[in-house]
Amino acid sequence: MTLRMSIDGTPVEVAWEDNEAVEALRQLCKDQALTIEMSMYGGFEQVGSIGSALPQNDVQTTTSAGDIMLYSGDQMVVFYGSNTWAYTPLGHITDKTQSELTQLLSNGNVTVTLAF
């Protein structure tokens with residue numbers, strides 16, 4: 001079963017990583033959709049609490065638009081710009097350009113929904 005993601009109701013295609021954090025995220029969505037209220041941060045990302053801690057395997061990374069990362073074990077970050085920090089990779093949005101991601105993510109807080 002494929003984990004699906006939407007941003008303010010807009011479905012996005014995600015190439016999910018094959019790691020413990022994503023497996024734990026799938027388990028959180030097993031019985032019901034997971035809704036994450038995201039807030040703009042730094043002019044290049046949206047960040048929101050997952051509601052529980054996931055396994056971390058942080059690596060120093062320079063992100064690009066579309067990257068989905070785990071920060072501090074319990075925060076999901078979705079990038080429409082770039083940043084360099086230590087994150088655990090969760091996935092990458094594959095069906096939107098940087099311009100489309102900026103339009104989707106840079107105009108205020110958004111709601112991300114994860115479901116099967």
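Mentor: Two strands pair if DSSP finds at least two bridges between them; strands (E, at least two residues) and helices (H or I, at least four) are DSSP runs, numbered from the N terminus. The model discussed here is predicted: local features need pLDDT of at least 70, and side-chain atom pairs count only at pLDDT 80 or more, while totals for chains, interfaces and linings use all residues. Residues are numbered from 1 along each chain as its sequence is written, and side-chain values use heavy atoms, with hydrogens and water left out.

Trainee: In which sense do S4 and S5 pair?

Mentor: Strand S4 spans residues 34–41, and strand S5 spans residues 45–49. They form a hairpin with three residues between them, and Gly42 in the turn has a positive phi of about 70 degrees. Met40 has Gln46 of S5 as its bridge partner. Over three bridges, the pairing is antiparallel.

Trainee: Over how many bridges do S5 and S8 pair?

Mentor: Strand S8 covers residues 75–79. Val47 stands opposite Val77 in S8. The sense of this pairing is antiparallel, and the number of bridges is five.

Trainee: How many of the five residues of strand S5 are buried?

Mentor: A residue is buried under 20% relative accessible area, exposed over 50%, and partly exposed in between (1.4 Å probe, protein chains only). By this rule S5 is mostly covered, and its buried residues number four.

Trainee: What arc do the buried residues of H2 cover around the axis?

Mentor: Helix H2 comprises residues 98–105, and its buried residues are Leu101, Leu104 and Leu105. They lie on the same side of H2 because their arc, taken from the directions from the helix axis to the C-beta atoms, is only 80 degrees.

Trainee: Which exposed residues are carried by the face of H2 turned away from its buried side?

Mentor: The buried side of H2 holds Leu101, Leu104 and Leu105. The face turned away from it carries Ser99 and Gln103.

Trainee: How many residues does the largest nonpolar core contain?

Mentor: A nonpolar core is a set of buried Ala, Val, Leu, Ile, Met, Phe, Trp, Tyr and Cys residues joined through side-chain atoms within 4.5 Å. Among the residues that touch the most other members of the largest core are Met5, Trp16 and Leu114. A second, separate core of six residues includes Phe44, Val47, Phe79 and Tyr87. The residue count of the largest core is 29.

Trainee: How far apart are the closest N and O atoms of Asp95 and Lys96?

Mentor: A salt bridge is a side-chain nitrogen of Lys or Arg within 4 Å of a carboxyl oxygen of Asp or Glu, and the structure holds one. Asp95 is partly exposed at 33% relative accessible area, and Lys96 is partly exposed at 23%. Their closest N and O atoms are separated by 3.8 Å.

Trainee: What distance separates the C-alpha atoms of Ser106 and Met40?

Mentor: Ser106 lies in the loop between H2 and strand S10 (110–115). Leaving aside neighbours within four places in sequence, Ser106 is in contact (heavy atoms within 4.5 Å) with Met40, Tyr80 and Leu101. Ser106 and Met40 are 66 residues apart along the chain, yet the distance between their C-alpha atoms is 7.1 Å.

Trainee: What is the phi of Ser72?

Mentor: Most residues other than glycine have a negative phi. Ser72 lies in the loop between strand S7 (67–71) and S8, and is partly exposed, with a relative accessible area of 45%. Although Ser72 is not a glycine, its phi is positive, at about 60 degrees.
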